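Visitor: I am new to this structure and would be grateful for a guided introduction. May I put some questions to you as we look at it together?

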Amino acid sequence: MSRLINSKPWSSDLESSLSILSPSLSQTTVLQTLKLITSPSKAFQFFKWVQQMGFSHHDQSYFMMLEILGRSRHLNVARNFLFSIEKNSNGLVKLEDRFFNSLIRNYGRAGLFQESVKLFTTMKSLGVSPSVISFNSLFSILLKRGRTNMAKNVYDEMLSTYGVTPDTFTFNILIRGFCMNSMVDEGFRFFKDMSQFKCEPDVITYNTLVDGLCRAGKVDIARNVVKGMSNKSPALNPNVVTYTTLIRGYCMKQKIDEALLVLKEMTSRGLKPNRITYNTLLKGLCEAQKLDDIEEILEATMRSGEFIPDTCTFNTLVHEHCKAGNLDEALKVFGKMSELQVPQDSATYSVLIRTFCQRGDYDRAEELFDELSKKEILLGDAGCRPLVAAYNPMFEYLCRNGKTKKAEGVFRQLMKRGTQDPPSYKILIMGHCREGTFKAGYELLVLMLRRDFVPDVEIYESLINGLLQKDKPLLAKLTIEKMLKSSHIPRTSIFHAILAELIEKGCARDSASFVTLMLEREIRQNITLSTDLIMLLFSSGLGDKAFELVKLLYENEYTVKMEDLVGFLCRKNKLLEACKLLQFSLRKHQNVDIELFNTVLIGLSKIKKVKEAFGLFYELVEKGAHQQLACIEDLKSALEVAGRSTEAEFVSKRMPG
């Protein structure tokens, strides 16, 4: 079944063939087929199809489908799928913490820190109690993003609110996370807490501590910790990772002789150095400029077959040659990799590209960049995790020379690997602004915010101005709203420019909501724009919204051009609205030409809206402003015709003479 699905596009013919192949579907058949389908979208179609065929999915198949969608970065689909499980299974499959854990982990892998935290919060709000695995997943994500305070708060919540007991994995994650964030003392505190929860430190725990100490430059203390491992328990013997970590620590301090002594101690204990051990030592020797030792070690190990140089080995040599300015030697090593069929990874290309950029040889750098993009090396899991910042010099060159789209292609490959770098976003967004592709720039801004990075004022203002030039005020409005959420205060002129364009485009509701936002943020209003907006609202049949906004403007001590508005409404034969506005102007003590009152009163009388006309006249009398009216006789006659003798008499008594 899976071979058939993998070889053909999904269609009704394919479904017929599948029906013939497997007239009855078992849980095992469905699970095995899902595992073997190579395309996540086809797997999802198969999942839905078997359900239509009468198969009842169990928790295992739901979980597997969620994992497939999450791992393939179909995260929005995965999220919708998660929240549809109970409904689609008719309540037979209940949401458990493991479903949430799966998506939390995959959000973390994609670098979507905020989404992971939101999902964890949603999980709790739905009454699904997080397990120790849930907390472990979240700790890992938080600490990778340096959110140490948040991790401490979640740890306290785990103990006090949920009563979840941490396990050895929990402590290993916490110790590693705090050590990686240069908080070794805090890592030690968690190490001491382990006995309180009857968690025995394992080799991974000790290796994590040793790594943290070495990163902090406390290599001698780390060595003492290694010596103390065996005293703690006979089963706790240092392994290859332990010694390799110590070697790296000494190499970082350029104590190569000490590193070689650790290597000797390691082999004397019957432990064989692995490729990481040798690559770590070779890197240290490179940095210490001990090239003769490098050649000696490489020859000896290759001769004995103990170590075969790999991508990391060659990358170390390429990097060292580039650093020393020996670009020709670096290119020879690069060529040797192809000759020996050693895979080139992100680090191989990035150091060469960066070096060519530093030399101003952008043509050669671009050739390598194109090769990197075409081979999709960044998308592969092999090799080291790529660093976005390493490509910034190339991004800058391309974005300055009208090739932002090319730069973004590689940048998006990097994003798929979950690597992040705020300056790269700015380089690309500003490149789009220079090239006039502002919508593409806005899309990158959204991605930047989703990854919890804060764009600066220059990014926002460049996008807003560009979007307005391109006649896209709605996107400009969304951009300034995001700018406010980023705690930036835009210039008042930017607000006015967006509002003017929204009104010009006839975006009545959006303009009104934008003015409401401006008032909430205490942004100064422009009387002409306010007046134009009220006219637009009336023209769009949004009279209630127009009156609501007029009231809001006056409450905030702003005004509109009342005479212009009333005149506009009279021309549009919206006399009832004009009447209501005139009454409002009287209550707000705003001067309006008496001729407008005459026009509205006569108009209302003609269309037999005498009740409203009398109401307006009465308010004029209350304000003592009725004496100059030329329409009193017309109003009295209209009231008499309508049988409103009391009101007619009231008007008659106030007629001149």
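Visitor: Which residues are buried in α31?
Guide: The model shown here is predicted. Helix α31 covers residues 508-520. A residue counts as buried when its relative accessible area is under 20%. In α31 the buried residues are Ala508, Ser511, Ala512, Phe514, Val515, Leu517, Met518 and Leu519.

Visitor: Which elements do the buried residues of α31 pack against?
Guide: Contact here requires heavy atoms within 4.5 Å. The buried residues of α31 pack against α29 (473-485), α30 (492-504), α32 (527-539) and α33 (543-555).

Visitor: How far does α31 reach from its first C-alpha to its last?
Guide: Helix α31 has 13 residues, and at 1.5 Å a residue the expected reach is 18 Å. The computed value is close to that, at 19 Å.

Visitor: Which residue with a positive phi follows α31?
Guide: The place to look is the loop between α31 and α32. Most residues other than glycine have a negative phi. The residue that follows α31 with this positive phi is glutamate 522.

Visitor: Is glutamate 522 buried or exposed?
Guide: A residue counts as exposed when its relative accessible area is over 50%. Because its relative accessible area is 73%, glutamate 522 is exposed.

Visitor: What covers the buried residues of α32?
Guide: Helix α32 has 13 residues and reaches 18 Å, close to the 18 Å expected. Its buried residues are Leu529, Ser530, Thr531, Leu533, Ile534, Met535, Leu536, Leu537 and Phe538. What covers them includes α30, α31, α33, α34 (562-571) and α35.

Visitor: Where is serine 182 found, and is serine 182 buried or exposed?
Guide: Serine 182 is found in the loop between α12 and α13 (184-193). Its phi is near 60 degrees, a positive value in a residue other than glycine. Because its relative accessible area is 67%, serine 182 is exposed.

Visitor: What distance separates the C-alpha atoms of lysine 198 and threonine 165?
Guide: Lysine 198 lies in the loop between α13 and α14 (203-215), and at 77% relative accessibility it counts as exposed. Lysine 198 and threonine 165 are 33 residues apart along the chain. Their C-alpha atoms are separated by 9.9 Å.

Visitor: Which residues does tyrosine 250 touch?
Guide: Tyrosine 250 is found in helix α16 (residues 240-252). Because its relative accessible area is 1%, tyrosine 250 is buried. Not counting residues up to four places away in sequence, tyrosine 250 touches Val219, Asp220, Arg223, Lys255, Glu258, Ala259 and Val262.

Visitor: Which residues does serine 424 touch?
Guide: Serine 424 has its place in helix α26 (residues 422-435). At 0% relative accessibility, serine 424 counts as buried. Leaving out residues up to four places away in sequence, serine 424 touches Val388, Asn392, Phe395 and Phe411.

Visitor: Which element gives the largest share of the lining of the second largest pocket?
Guide: The second largest pocket has a volume of about 1000 Å³. Of the 31 residues that line this pocket, the closest to its centre are Ser140, Lys144, Arg145, Arg385 and Gly418. Two or more lining residues come from each of α8 (97-109), α10 (132-144) and α12 (168-180). The largest share, six residues, comes from α10.

Visitor: How do the lining residues of the second largest pocket divide into nonpolar, polar and charged?
Guide: In this count, Asp, Glu, Lys and Arg are the charged residues, and Gly is among the polar ones. The lining of the second largest pocket divides into 13 nonpolar, nine polar and nine charged residues.

Visitor: What distance separates the C-alpha atoms of asparagine 591 and glutamine 289?
Guide: Asparagine 591 has its place in the loop between α35 (575-587) and α36 (594-606), and with a relative accessible area of 71% it is exposed. Asparagine 591 and glutamine 289 are 302 residues apart along the chain. Their C-alpha atoms are separated by 86 Å.

Visitor: How many Å separate the centres of domain 1 and domain 2?
Guide: The chain is divided into domain 1 (1-94) and domain 2 (581-656). Taken over C-alpha atoms, the separation of their centres is 74 Å.

Technical notes. Residues are numbered from 1 along each chain as its sequence is written. This is a predicted model: local features need pLDDT of at least 70, side-chain atom pairs count only at pLDDT 80 or more; totals for chains, interfaces and linings use all residues. Side-chain values use heavy atoms; hydrogens and water are left out. On a 1 Å grid over the protein atoms alone, a cavity is a set of points where a 1.4 Å probe fits but cannot get out, and a pocket is an open set with protein on both sides within 12 Å along at least five of seven lines; lining residues have an atom within 4 Å of a point. Grid points are joined across faces, edges and corners, and a volume is the space filled by probe spheres set on the points. Helices (H or I, at least four residues) and strands (E, at least two) are DSSP runs, numbered from the N terminus. The expected span of a helix is 1.5 Å times one less than its number of residues. Buried means under 20% relative accessible area, exposed over 50%, partly exposed in between (1.4 Å probe, protein chains only). Domain bounds come from an automatic or database domain assignment.
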